[in-house]
Amino acid sequence: MPPMGVKVCRDWYATPAGQAALARVQSVVGRMTADIFGYHALETGVLAGQNTFLQESRIAHQIALGVAAGENGSVVGTPEQLPFAFSNIDLVIASHALDCTGQPHQVLREIERVLVPEGHCILVGFNPFSFKGVGRLRHLHNWDAQPCHFYSTFRVRDWLSVLGFDVRETVSAGFCPVLGGNYLFQRTRWLDHLGEKFHFMTGNVYIIHAQKKVSNMTPLLPARKVKPLLKPGMIVNPGAGRVSRQEPDNAK
């Protein structure tokens with residue numbers, strides 16, 4: 001059985017607002033992955049094995065990491081300990097892997113570890129500055145009891161920068177209220193069109209596309225000591241083409 005945070009997250013995606021946000025996320029991720037080439041692509045996180053984001057990907061070998069036995073994932077594991085070798089994956093899509101863990105830094109370190117140099121990472125997460133984020137206020141009296149943790153795009157981008165990633169694009173999706181059921185959702189669909197048109201960053205879900213960068217600096221070697229060709233007291237006679245010993249002045 002998946003953890004509580006994973007279940008809560010999946011239940012939200014079953015709502016009208018969640019379904020609309022998911023359709024937008026799939027469209028954005030499909031565009032981001034269309035021109036990424038490589039040998040291996042990995043989906044991890046809440047939606048891995050439930051929904052595929054790799055329909056537009058040109059990478060043939062696609063792996064879904066399930067969070068519990070019996071799920072549709074091709075491999076069972078956790079985002080905190082990816083069961084893959086160092087520098088072996090070309091693309092990682094992590095859906096809410098940061099939200100549903102107590103070790104977000106470890107999740108990012110694992111992604112960085114398994115990615116090849118110049119490999120790509122796409123993170124999907126909940127935005128705290130959104131209608132979805134406002135809904136967390138019901139846990140204000142007991143903040144640690146909330147099943148998911150929301151991190152702002154500024155914070156996630158900063159973590160990625162520390163690990164050597166270059167953030168290429170950040171997109172927000174799902175601008176409708178998450179409460180009120182289908183009635184309120186249908187009457188606020190115009191918020192989605194407005195947010196997508198003007199690229200507001202207040203959507204319920206964010207998508208961050210980053211690329212692993214490797215330093216191209218050449219290490220400086222220590223200066224090599226060159227042995228002198230001539231011994232002390234020796235000079236070169238260019239006319240004779242040989243080395244002769246210089247006589248001291250007091251020898252004349």
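Accessible areas here come from the Shrake-Rupley method with a 1.4 Å probe, and for residues only the protein chains shown count as cover. Worked out that way, the surface of this protein comes to about 14500 Å², with 56% of it belonging to carbon and sulfur atoms. What you're looking at is a predicted model, where local features need pLDDT of at least 70, side-chain atom pairs count only at pLDDT 80 or more, and totals for chains, interfaces and linings use all residues. Residues are numbered from 1 along each chain as its sequence is written, and side-chain values use heavy atoms, with hydrogens and water left out.

Let's start with the overall layout. The protein has 7 helices and 9 strands; these are DSSP runs numbered from the N terminus, with helices (H or I) of at least four residues and strands (E) of at least two.

Now for the rings. Rings of Phe, Tyr and Trp (its six-membered ring) pair if their centres lie within 6.5 Å; planes under 30 degrees apart count as stacked, over 60 as edge-to-face and the rest as tilted. That rule gives 6 aromatic pairs. One of them is Tyr13 with Phe126, stacked at 6.3 Å centre to centre with 25° between the planes. Tyr13 sits in helix 1 (residues 4–13) and Phe126 in strand 5 (residues 115–126), so this pair ties together parts that are 113 residues apart in sequence. Both Tyr13 and Phe126 are buried.

Phe126 also pairs with Phe150, this time tilted, at 5.1 Å and 40°. Phe150 belongs to the loop between helix 4 (131–134) and helix 5 (153–162), so here the linked parts are 24 residues apart in sequence. Ring pairs join Trp12, Tyr13, Phe126 and Phe150 into a cluster.

Definitions and conventions
Buried < 20%, exposed > 50% of the residue type's maximum accessible area, 1.4 Å probe, protein only.
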